Amino acid sequence: MPNNIIHFHEVRKVYDDVAVLKDVSFEIEQGKFYTLLGPSGCGKTTILRLIAGFIEADAGDIRLEGKRVNDIPANQRKVNTVFQDYALFPHLNVFDNVAFGLSLKKLPKSQIAEKVRNVLKMVQLSGFESREISEMSGGQKQRVAIARALANEPEVLLLDEPLSALDLKLRTDMQYELRELQKRLGITFIFVTHDQEEALAMSDEIFVMNKGEIIQSGTPVDIYDEPINRFVADFIGESNIVDGIMLEDNLVEFVGKKFECADSGMRTNEPVEVVLRPEDIQITSVAKGKLKVTVDTQLFRGVHYEIICFDADGNEWMIHSTRKAKEGEEVGLFFEPEDIHVMRFGETEEEFDARLESYDDGQEG
Ligand SMILES: Nc1ncnc2c1ncn2[C@@H]1O[C@H](COP(=O)(O)OP(=O)(O)OP(=O)(O)O)[C@@H](O)[C@H]1O
């Protein structure tokens, strides 16, 4: 049976008459690395604050280890937060920063010293006890903030964009470190980011959010390979997305042609959007291709060329290729049936219905 440490049931948060969380429900299993991913303002930090107890929900149930905590104050929850700006005390040294919460709890000095030593070792900062915060690099400050949170022995560690202030190289290093630390400690991490690559690299499970709702949850591979709609497909990785219509369960029409695809579970005549990832498309000769396009522009991206082509209907196609193409040349695009991913049309029922109606009108007319 899954061991759920956090449970949200139809949790709502309203600011100035606007629901910034719209009856959100989810379960968090103990010991896994979760990421809340979504654009700015979608409600990620609001979820963390509700878990931590910094703000109160306007409706719904929040449970920690099975117990309803809506009315339990933050300092009585076994949850700690690492903030984006680290929130360290600049006038205290590393030891005193990490010991801060423990001193408030009035633990004996020897016990505090031992705990601080242990957590500094975990984040590989042994020997830095007497360093001033101003003498630490961004990545080191980050680790002090994590050590301070871990010193309280939380069941859950909440991390609010903790890597966003770091440069790219350090951020990648810290992604490995955090992931490794989480595995080693076996405690639950809930990590907030708007960086999809970070989410894909680190998480056991991702919740993709938009406008106060969780749009899709799943493993990084599930979400990358099987986005449920245009928003998720666009937000996670780069995609070619075109309108289509299902002809059979494994036959889809788009750009005026029929293509075999994997079993889709869609109904005949269902309006869909078709996703083809840029790395799943190969450039070949017009004769061998499934779709004829003209190469427009290309950019060298280090590991691949990003090639932009247009088909006869004016649809843009992005291809990632290790080989250079010739601008202005007519080429064929080739893809396998299983690389065609079909999604139900639209992000809302209204969009789907409107599309269905316009398609039906077209059929009759
Ligand atoms: N104290 C507040 N008063 C009024 N509105 C608020 C308050 N806190 C947050 N909001 C609003 O709630 C919405 C969700 O905010 P939240 O901080 O959860 O977003 P986020 O997804 O974490 O965004 P970001 O990535 O920019 O941090 C935003 O529209 C924000 O303006």
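Helix α1 (residues 44-52) gives the most to the shell around the ligand, with three residues; helices here are DSSP runs of H or I with at least four residues, strands are E runs with at least two, and both are numbered from the N terminus. Before going on, note that this is a predicted model, where local features need pLDDT of at least 70, side-chain atom pairs count only at pLDDT 80 or more, and totals for chains, interfaces and linings use all residues. Residues are numbered from 1 along each chain as its sequence is written.

Back to the ligand. Around it sit Tyr-15, Asp-16, Val-20, Gly-38, Ser-40, Gly-41, Cys-42, Gly-43, Lys-44, Thr-45, Thr-46 and His-194, where being near means a C-beta atom, placed from the backbone, within 6 Å. By type, the shell splits into three nonpolar, seven polar and two charged residues. In that count Ala, Val, Leu, Ile, Met, Phe, Trp, Tyr, Cys and Pro are nonpolar, Asp, Glu, Lys and Arg are charged, and the others, Gly among them, are polar.

Now zoom out. The chain is assigned domain 1 (4-225) and domain 2 (238-364), with bounds from an automatic or database domain assignment. Their C-alpha centres lie 39 Å apart.

Take Val-208: leaving out residues up to four places away in sequence, it touches Leu-37, Gly-38, Ile-215, Gln-216, Ile-223, Val-232, Phe-235 and Ile-236. Contact means C-beta atoms, placed from the backbone, within 7 Å.

Finally, two lysines. Lys-290 is in the loop between β15 (282-284) and β16 (291-300), and Lys-257 lies in strand β13 (residues 257-260). Lys-290 is partly exposed, because 16 other C-beta atoms lie within 10 Å, while Lys-257 is exposed, with 11; the scale calls a residue buried at 20 or more such atoms within 10 Å, exposed at 12 or fewer, and partly exposed in between, with C-beta atoms placed from the backbone. Beyond four places in sequence, Lys-290 is in contact with Phe-259, Leu-333, Phe-334 and Phe-335.

Note on methods:
Two residues are in contact if their C-beta atoms, placed from the backbone, lie within 7 Å.
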